[in-house]
Amino acid sequence: MQTAIAFILIFGLLVFFHELGHFLFAKRAGIMVREFAIGMGPKIYGKTHGETIYTVRLLPIGGYVRMAGDDMDGTELSPGYRVGLIVDEDNRVKKIIFNQNNKQLPDLLFLEVERADLEKDLFIEGYDEEENLVRYNVTRDCILVENGKETLIAPYDRQFNAKTVGQRAMTIFAGPLFNFILAFFIYLMIGLLNGVPTNEPIITEVVENHPAAQAGMLAGDRVKSIDGHAVETWQDLVSIVQSRPNKTINVTVERDGTTENLTMTVNEVKEKNGETYGQIGVTSPKVHNPLKAVVYGAQETYNMTMRIFELLGMLITGQFTIDALSGPVGIYKTTETVATWGIFALMNFAAMLSINLGIMNLLPLPALDGGRLLFFGFEAVRGKPIDRQKEGMVHFVGIVLLMILMVVVTWNDIQRFFF
């Protein structure tokens with residue numbers, strides 16, 4: 001249950017901030033957002049506020065912001081449709097009801113549609129019950145009702161494709177951008193709550209029943225050297241100790257102005273991949289300083305970003321294979337392990353995943369945010385957009401390939417963790 005709650009919180013936080021970026025910049029550009037969804041697949045919860053429905057969906061494999069003008073968004077009024085109209089005091093249509101034959105409803109005008117435009121000119125024209133050809137203007141916030149479901153029309157200037165290249169590109173880029181912003185704030189919170197490492201080789205805490213405690217090391221000791229190798233930073237201490245599992249080391253420390261020589265045997269810690277490293281049971285010094293926490297947040301975000309790019313480069317050059325990738329199952333199992341290390345380890349893990357999500361979405365691949373940004377780049381260079389049908393086909397192929405990759409990665413996770 002602890003793992004499930006941690007996974008749901010992390011997944012929900014990452015997807016929420018990613019989609020929040022799209023949502024806020026879409027609203028800023030004047031784009032109508034029809035749905036803000038966390039998860040994919042069947043809806044398990046939904047609440048409408050304003051012109052947007054906010055939903056939680058069953059499958060934890062992503063989320064989306066559905067904007068007006070997306071494929072399958074428009075509702076077409078074809079000639080011959082029989083509709084019911086409700087008009088306002090200015091005789092403008094404020095509600096259009098499809099397949100309505102109930103003449104008992106008050107204030108309902110019936111019309112057989114001849115032609116209509118619900119995007120630009122905003123009118124509907126057709127024959128009334130006396131067979132007269134009539135025309136009505138349509139309000140910008142007119143509601144379409146079909147099978148009991150109400151949908152706001154989207155005038156063309158409220159649609160995604162009506163906006164400038166810059167506005168559309170920023171709306172798409174904002175998703176990954178918010179993942180980096182989220183990572184920064186997570187690292188900032190770690191720095192504020194847990195302190196910022198100073199990198200000085202000063203012992204803050206000595207863990208009981210570990211080599212350092214057994215050798216007599218005390219909190220406040222400054223490590224000067226290990227086996228004759230000078231120690232100037234905490235990273236020096238970590239590197240030397242980790243490289244000496246199961247070996248006896250001589251540690252020189254400075255304590256209250258005097259020098260002490262300590263001898264201890266380094267513990268061996270084995271990782272799941274079989275690799276081992278040394279550990280003596282000490283923790284590093286930390287300071288609680290808001291300004292340093294801000295710097296720490298920025299540095300950790302940058303460092304993790306560079307690290308993920310390095311790993312991505314290794315994948316591209318074949319230094320490790322697709323078997324090393326993890327999907328939702330792998331992330332769940334890793335969450336299970338990290339959760340046992342404490343809240344700050346879990347926060348670090350969430351920040352890493354957020355940066356990873358941001359980078360993956362910026363890759364110039366079809367169906368990803370980066371792929372859409374690539375098409376916007378082509379449009380900016382050409383001076384006109386790529387044919388929407390051709391672009392849609394490219395993204396469709398990309399979605400299919402991503403689904404195949406997801407299946408392969410998930411199967412590998414199941415094989416790795418359960419068999």
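These legends go with a few close-up views of a predicted model. Residues are numbered from 1 along each chain as its sequence is written. Because the model is predicted, local features need pLDDT of at least 70, side-chain atom pairs count only at pLDDT 80 or more, totals for chains, interfaces and linings use all residues, and side-chain values use heavy atoms, with hydrogens and water left out.

**View 1. The largest nonpolar core.** Here we're looking at 25 residues, where a core means buried Ala, Val, Leu, Ile, Met, Phe, Trp, Tyr and Cys residues joined through side-chain atoms within 4.5 Å. Buried means under 20% relative accessible area, exposed over 50%, and partly exposed in between (1.4 Å probe, protein chains only). Among the residues with the most contacts inside this core are I10, I186 and L346. Helices α1, α2, α5, α6 and α7 each supply at least two of its residues, with α7 giving the largest share, eight. Helices here are DSSP runs of H or I, at least four residues, and strands are runs of E, at least two, numbered from the N terminus.

**View 2. E35 and its two arginines.** R57 forms a salt bridge with E35, with the closest N and O atoms 2.8 Å apart (a side-chain nitrogen of Lys or Arg within 4 Å of a carboxyl oxygen of Asp or Glu). R57 sits in strand β2 and E35 in strand β1, 22 residues apart. R66 also forms a salt bridge with E35, at 3.6 Å. E35 is buried at 4%, while R66 is partly exposed at 30%.

**View 3. A salt-bridge network.** K27, E51 and R158 are linked by salt bridges. The closest N and O atoms of R158 and E51 are 2.7 Å apart, and the two residues are 107 residues apart in the chain.
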